[in-house]
Amino acid sequence: MTQSITLRRPDDWHLHLRDGAMLQGILPETSRDFARAIIMPNLVPPVVTGADAASYRDRILAALPQGDQFEPLMTLYLTEGTDPADLAAAAASGLIKAVKLYPAGATTNSHGGVRDFDKVRGVLEKMAEIGLPLCMHGEVVDHEVDIFDREAVFIDKVLEPIRRATPGLRVVMEHITTQNGVDYVRSAEKDLAATITTHHLIINRNHILVGGIKPHYYCLPVAKREEHRLALREAATSGDARFFLGTDSAPHIDALKEHACGCAGCFTATNTMSILAHVFEEEGALDRLEAFTSLNGPGYYGLPLNEGQLTLVKGDEPVAYPAKIETGAGPVTVFDPGFPLYWRVA
C-alpha cells in the first residue's frame, strides 16, 4: 500500500557545494529537494570577506539549473584577522546569515582557522551584539586527545568558556556526534542549537572499520559508538526545536576518497530525504520529520518558513539511486545507507 507525507519544503543548515566543475555537478542534487542551505565557506582560498561571499553566491546562482528554486545562505570563514566591521556590514545587508568557526586543522581546508580564540574575541562580541549566529565545528585538534573524544573535550575546553565570556552569542553546534553534544544543547536555556547529519543517524564507527576500511563512511567528526548514534536519533526525532537538519553533505572525487590518506566527508545530498523518512518511520516519528527538516532551523535563524511543499511517497519497490554523480571534476560516490530505501521524493 502506498503511503505519502507532505512537508514544507526542507532546508539544509550545513552544506558543502565546493566550486567550479564540482559545484556545477553536485548543486542540482541539493536544489532538487531543498529550498535553502547554509553554505560552508571552506573553499581554497576561503570565503573570509563580504566581497568573497557575494562573489561565491553569484557563482552558485549561475550554476543553478533552470527552473530550480534555491537560495544559498552565505557564511564567512572566521579567521584571526576577520574585520568585525566588514562582517557586520555583510550581515546588515542580508548577504550572510552566519559565521563559521573552524579550529585550525580540524577538517577539510581548515588550516586558516582559529588557533588563538582570544584573537577573535572582538568579532564574537560584535556577533553577539548584532545577533549573528556562530556555526562551530566542535572538535579540539590537540594531538594528545583521542579522535573519538574531541567533541566532548571541545565542549568543556572551548565552547563553554566562549559562551560564558560572550553573553548573547547565538551558537550552532554543527554535526554533533555524541550524547555529550545532545546533553549540552539541552542544558542551555537559550542561544544554543545543533545540526545533525543524515549519515550520523545511520553509521557508527564499526561501519567504517569492521570488515575492512570503508572510505566513503569516513567523515569528520568521525562516527562514534552505537550509544551515541542512538542518542542522535532520539534527539533528531524528538521534535525538540533546538535540533535540525544539517547534512554536512561533502563531495570529494573518488580518487581522493579511495586513497592512502583519504578525504573526510559523506555525500548525502542525493538521497537524504529518503533516508530521513526511513529513520523517522523506524522511530515512529514521521509526524516530526517536518520539524527537523523544515521548521526548527528557520525558527532558530529567525527566517520565514518556506512556502513550497515536498511530498515523500513510500512504494513497494526500492528506489534506484545512482551509485555515483558524474561531475566535471570526477565521480562522487553517493552515500549508501546499507539498506533499501522505499521512500522517494514525488
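Me: Let's start with His252: buried or exposed?
Reply: His252 is buried, because its relative accessible area is 9%, and buried means under 20%. Keep in mind that this is a predicted model.

Me: Where does His252 lie?
Reply: His252 is in the loop between strand S9 (243-245) and helix H9 (254-257).

Me: Which side chain does His252 join in a polar contact?
Reply: That would be Arg18, with a polar contact of 3.1 Å between the two side chains.

Me: OK, on to Asp254. Where does Asp254 lie?
Reply: Asp254 lies in helix H9. Its relative accessibility is 6%, so Asp254 counts as buried.

Me: Which residues does Asp254 touch, leaving out those up to four places away in sequence?
Reply: Asp254 touches His216, Lys324, Pro331, Val332 and Thr333.

Me: Switching to Thr270. What's the place of that one?
Reply: Thr270 sits in the loop between H9 and helix H10 (272-282). Thr270 is buried, with a relative accessible area of 6%.

Me: Which side chain makes a polar contact with the side chain of Thr270?
Reply: Glu29 does, at 2.8 Å. Not counting residues up to four places away in sequence, Thr270 touches Glu29 along with Tyr321, Pro322, Ile325 and Val334.

Me: Nice. Zooming out, how many helices and strands does the chain have?
Reply: There are eleven helices and 13 strands.

Me: What about the radius of gyration?
Reply: The chain has 19 Å, which agrees with the value near 20 Å that a compact globule of 346 residues would have. The C-alpha trace spans about 55 × 45 × 40 Å along its principal axes.

Me: And how much of the chain is buried?
Reply: Buried residues make up 56% of the 346. The accessible surface comes to about 13,900 Å², with 51% of that belonging to carbon and sulfur atoms.

Me: What share of the contacts with a separation of 6 or more is between residues 24 or more positions apart?
Reply: That share is 74%.

Technical notes
Residues are numbered from 1 along each chain as its sequence is written. This is a predicted model: local features need pLDDT of at least 70, side-chain atom pairs count only at pLDDT 80 or more; totals for chains, interfaces and linings use all residues. Side-chain values use heavy atoms; hydrogens and water are left out. Helices (H or I, at least four residues) and strands (E, at least two) are DSSP runs, numbered from the N terminus. The radius of gyration is taken over C-alpha atoms; the globule rule is 2.2 Å times the number of residues to the power 0.38. Buried means under 20% relative accessible area, exposed over 50%, partly exposed in between (1.4 Å probe, protein chains only). Contact means heavy atoms within 4.5 Å. Accessible areas come from the Shrake-Rupley method with a 1.4 Å probe; for residues, only the protein chains shown count as cover. A polar contact is a pair of N or O atoms within 3.5 Å; within protein, one must be able to donate a hydrogen and the other to accept it, and residues adjacent in sequence count only if both atoms are side-chain atoms.
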